[in-house]
Structures are given as C-alpha cells and as structure tokens.
Amino acid sequence: EEMSKDMSLIELNLPAVIENALENFGLRTVGDIERMSDEELLLFTNISHARMARIREAIQERQLRATAR
C-alpha cells in the first residue's frame with residue numbers, strides 16, 4: 001500500500017517548529033513537500049539543512065511503514 005500524497009503533515013509527527021514553518025508557507029500535505037526540491041525548502045524561514053533532512057526522513061519512514069503493511 002502506498003502512502004497517500006494527501007496525508008497531512010501532522011501525521012509525520014514532526015517537531016512543532018518544522019510543522020509551523022511549513023504551514024506558514026502553505027504546505028499542508030506530504031504531496032506539497034514532495035513537489036519541492038531541497039533547495040526550495042531551504043529558502044523557507046526556520047528550515048535548516050538538519051530540519052530539511054528530518055522532514056525527508058519522516059516521509060521516508062512513513063513510506064516504509066505503508067509498504068510494509
């Protein structure tokens with residue numbers, strides 16, 4: 001089973017500071033993030049290289065859990 005691109009960012013269990021930063025720029029779903037390059041994400045206030053890596057890891061972990069079912 002594939003992870004839905006419509007999955008809310010809340011379901012990724014990201015730290016609040018990351019969630020808030022993404023939502024401030026109108027990103028609400030996994031699909032919204034996946035359409036963006038790393039370079040685009042790094043332009044956002046409060047998104048550092050470490051936080052961007054955390055976002056990508058959270059998405060990858062959810063995808064692995066979805067396919068393991």
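Modeller: Confidence first: H4 has the lowest in the chain, with a mean of 92, and H1 the highest, at 95; that's pLDDT, the predictor's confidence in each residue, from 0 to 100. Over the chain the average pLDDT is 91, and 97% of the residues score at least 70. This is a predicted model, where local features need pLDDT of at least 70 and side-chain atom pairs count only at pLDDT 80 or more, while totals for chains, interfaces and linings use all residues. Residues are numbered from 1 along each chain as its sequence is written, and side-chain values use heavy atoms, leaving out hydrogens and water.

Now the packing. H4 covers residues 49–68 and H1 residues 16–24; their axes come within 11 Å and cross at roughly 90°. (Helices are DSSP runs of H or I, at least four residues, numbered from the N terminus; axes are lines fitted to C-alpha atoms over the stretch in contact, with angles from 0 to 180 degrees between N-to-C directions.) That makes H1 roughly perpendicular to H4, the label for angles of 65 to 115 degrees. On the H4 side, Arg51, Arg54 and Ile55 meet Val17, Ile18 and Leu22 of H1, contact being heavy atoms within 4.5 Å. By type, the residues of this contact are 4 nonpolar, no polar and 2 charged; Val, Leu and Ile count as nonpolar and Arg as charged.

Then there are the salt bridges, where a side-chain nitrogen of Lys or Arg sits within 4 Å of a carboxyl oxygen of Asp or Glu. The whole structure has 4 of them. One joins Arg62 to Glu11, at 3.6 Å from N to O. Arg62 is in H4 and Glu11 in the segment before H1, so this pair ties together parts 51 residues apart in sequence. Arg62 is buried, at 17% relative accessible area, whereas Glu11 is partly exposed at 38%; buried means under 20%, exposed over 50%, and partly exposed in between (1.4 Å probe, protein chains only).

Another salt bridge pairs Arg56 with Asp38, their closest N and O atoms 2.8 Å apart. Here Arg56 belongs to H4 and Asp38 to H3 (residues 38–42), so parts 18 residues apart in sequence are tied together. Both ends are partly exposed: Arg56 at 24% relative accessibility and Asp38 at 31%.

Technical notes: Helix = DSSP H or I, 4+ residues; strand = E, 2+ residues; numbered from the N terminus. Parallel < 35°, antiparallel > 145°, perpendicular 65-115°, else oblique.
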